[in-house]
Amino acid sequence: MSKAERIKAGLAHRYRAERHFRLYGIGAILLALGFLGVMLTVVIGRGVGVLQQSYIQLTLTVTAEAAETGDWQGLIKTSLREQFPEARKRKDKKQLYGFVSSGAGYALRRQVEQNPDLIGQRRAYWLPVSDDVDMLLKDAIDRSLPESDRRITDQELAWIDTLIESGALELRFNKGFFTSGDSREPELAGILGAAVGSALSLLVCLMLAFPLGVMTAVHLEEFAPKNRWTDLIEVNINNLAAVPSIVFGLLGLAVFLNVFGLPRSAPLVGGMVLALMTLPTIIIASRAALKSVPPSIRQAAMALGASPVQVVLHHILPSAMPGMLTGTIIGMAQALGETAPLLMIGMVAFIVDVPQGILEQATALPVQIFLWADAPERAFGERTAAAILVLLVFLVLMNLTAVILRKRFEQRW
Amino acid sequence: MYVTPSRKAQKAVEALIRGVLVLSSTVAVLTTLGIVASLLFESLRFFDAVPLTDFLFGLEWSPQTAIRADQVGASGSFGAVPLFAGTLLISAIALVIAIPVGLYSAIYLAEYASTSVRAWVKPTLEILAGIPTVVYGFFAALVVAPWLRGAGEGAGFEVSSESALAAGLVMGIMIIPLISSLAEDVISAVPRSLREAALGLGATRSEMIRQIVLPAALPGIMGGVLLAASRAIGETMIVVMAAGLSANLTANPFQAVTTVTVQIVTLLTGDQEFDSPKTLVAFALGLVLFVVTLLLNVVALKVVKKYREQYE
């Protein structure tokens, strides 16, 4: 075989290798995007059900006496007995009472408190049902399983079907999920408490990290002399950006809680820890923004007699602000998703009330996800996915704001 | 006649402003000092009770048994080797997933993809980096782990419901964008002249990439891998939710292992007393974590910097 022939014979092989190589690349990208797709589909598929919640229609009369003594649950039980008179045995009654959520009494009280004229009238109320019935209505419980493997007995199933047929059991928009705090009962648990906790922590974080970050960036970029101390600060910031988040939690625990004696589980401490974590991100982004302001601006201002501080405050900062804000929003988005350091400073407590201030006990959105993911009830699985969706919506909004800010105000010099 | 306004007030204010700026720039340094001091201080208290060698080389980890202070030294239950091994196992699985996928994605994006494809794929991949780790943890614990268990049952071998594999797989997905974006940067930075020389000699594109571009970009890629490794070692939520608490000293990815971060979280959530070694050991673990990730980062940044200088 001549040399040319040998090269030609090898060509097919080489071209095949080329095609394969390119396919591996496409495959890798598709794999990564596929993971993302599967993950989002799973979360959306599991979480979207929370938008709806099952409610039962019960006809009852709120007597003045019951309203006085607060025996709301009793009223509900009476109404259930009237509807299913065949349930006489204790066991049957217990099953029947299990239909409604243990929070149905509060729901009834709220409706009556809003409209006191309802006292004494006989009318229909829509009240939340227990998580098992809710799961059945959302087809999350398999009816074809043998009775012993199901969380709902045949007897209960028959009653539920009667209720569904008469239109007294239906799925409605779940307002409670967005307006209440955590609860031990999945059907009553809401996201508001955690969302407010996150918002308060982020507020503290922003108030600390933004001014500190911008000031540090201005110092390093505009004023700092080139010396060892400046180098040290720079190396420090770069390394701080890569310290595992849990280590910041340890710092918060040892210094903020044990040395300073700040309250555990408070958004104040959470915000402080998150601020230390986001500081490097903000500093790095702010420095990049300052660097992009051309020297001609500086020189023009100085030529007109501005002092160095005036140059920065009047000219450089306003031009660099959009870039700094973009970096800050991205840093805040990171802080919003951060969980581990908050676990360290005790923001994992079970808290029902929506926090009112930064010194109160609170939890945060990602921590709430962590807590619910651990709960054994099936209905909490749905809530976990829904809480993730809420978190992702906030993250998307923040990142969109950053992108728009950059597009809208970015100056090309 | 010249007007010479008094600048005393302005000078004072400006000096004050510059003073505040200097002060604020020390916060970053103070943070590092605070981390080092708090970790060291609590760790030293721990090493008063348990010898350093027992902690670093001990093979048995059961901090819950050491309730009474006088049992501590004798029981020797603070051996952290199983935790180190678990952390390494899970990080290794993550890197085995993330390195090929991230590297091939980077090569395709840098060398083959058209501008419009790049403009779409790159930000979409970055979404993976923006998703909070607690979401990955949820995915690992409630989707991947049961699925692996089912698959294992089907194939006839036992997969623990909190396997190292599930946590490692999902962690691998998480660090794909880290590797791909860093690798893409260094691949694009390889000078054009090298590429054109290779193509001019008749190399196919893949030959050019494999034999010229990748070797030239290797130091930078290594830097990216080290950064990814440091991320994987320090990652907390995925392993807390998916890896479990049992301190098995094993290399079997189908078994449950525990990691340094999982133990820190477990030891420090809930009520603690700050005089028992059981709580203090968490700070010793944190110190190890901090030192290891810091070393990895310093080396990675050095490598990347050196590589950049090479072509400048």
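Start with the open sheet in chain A: it has 3 strands in the order 2-1-3, paired in the antiparallel sense. Keep in mind as you look around that this is a predicted model.

- Which strands stand at the edges? They are strand 2 (122-128) and strand 3 (169-173) of chain A, and each has a single partner strand, so one side of each has no neighbour in the sheet.
- If you ignore direction, neighbouring strands of this sheet are turned by 40° against each other on average.
- Strand 1 of chain A covers residues 52-61, and its antiparallel pairing with strand 2 of chain A runs over 7 bridges.
- To find one of these links, look for Thr61(A): its bridge partner in strand 2 of chain A is Arg122(A).
- Helix 3 of chain A (residues 72-83) lies across strand 1 and strand 2 of chain A, and it runs at about 85° to strand 1 of chain A.

**Two packed helices in chain A**

- Two packed helices are described by the angle between their axes and the distance between the axes.
- Here, helix 9 (residues 192-223) and helix 14 (residues 308-337) of chain A pack at an angle of about 140°, and their axes are 9 Å apart.
- That angle is why helix 9 and helix 14 of chain A count as oblique to each other; angles have to be over 145 degrees to count as roughly antiparallel.
- The crossing of helix 9 of chain A with helix 14 of chain A is right-handed.
- On the helix 9 side of chain A, the contact residues include Leu202(A), Cys205(A), Phe210(A) and Glu222(A), while helix 14 of chain A brings in residues including Ile316(A), Met324(A), Gly331(A) and Leu336(A).
- Sorted by type, the residues of this contact between helix 9 and helix 14 of chain A come out as 13 nonpolar, 3 polar and 1 charged.

**The domains of chain A**

- Chain A is split into domain 1 (3-48), domain 2 (51-179) and domain 3 (192-409).
- How many Å separate the centres of domain 1 and domain 2 of chain A? Taken over C-alpha atoms, the separation is 54 Å.

**Where the chains meet**

- On the chain B side, 67 residues are in contact with 64 residues of chain A.
- Helix 1 of chain B (residues 8-49) gives the most to the side of chain B that touches chain A, with 19 residues.
- That side of chain B is made up of 42 nonpolar, 21 polar and 4 charged residues.

How values were computed:
Residues numbered from 1 in each chain as written. Chains lettered and ligands numbered in written order. Predicted model: local features only at pLDDT ≥ 70, side-chain atom pairs only at ≥ 80, totals over all residues. Axes fitted to C-alpha atoms, helices over the stretch in contact; angles between N-to-C directions. Helix = DSSP H or I, 4+ residues; strand = E, 2+ residues; numbered from the N terminus. Parallel < 35°, antiparallel > 145°, perpendicular 65-115°, else oblique. Left-handed = near helix turned anticlockwise from the far one by under 90°. Contact = placed C-beta atoms within 7 Å. Nonpolar A, V, L, I, M, F, W, Y, C, P; charged D, E, K, R; others polar. Pairing = 2+ DSSP bridges. Domains from an automatic or database assignment.
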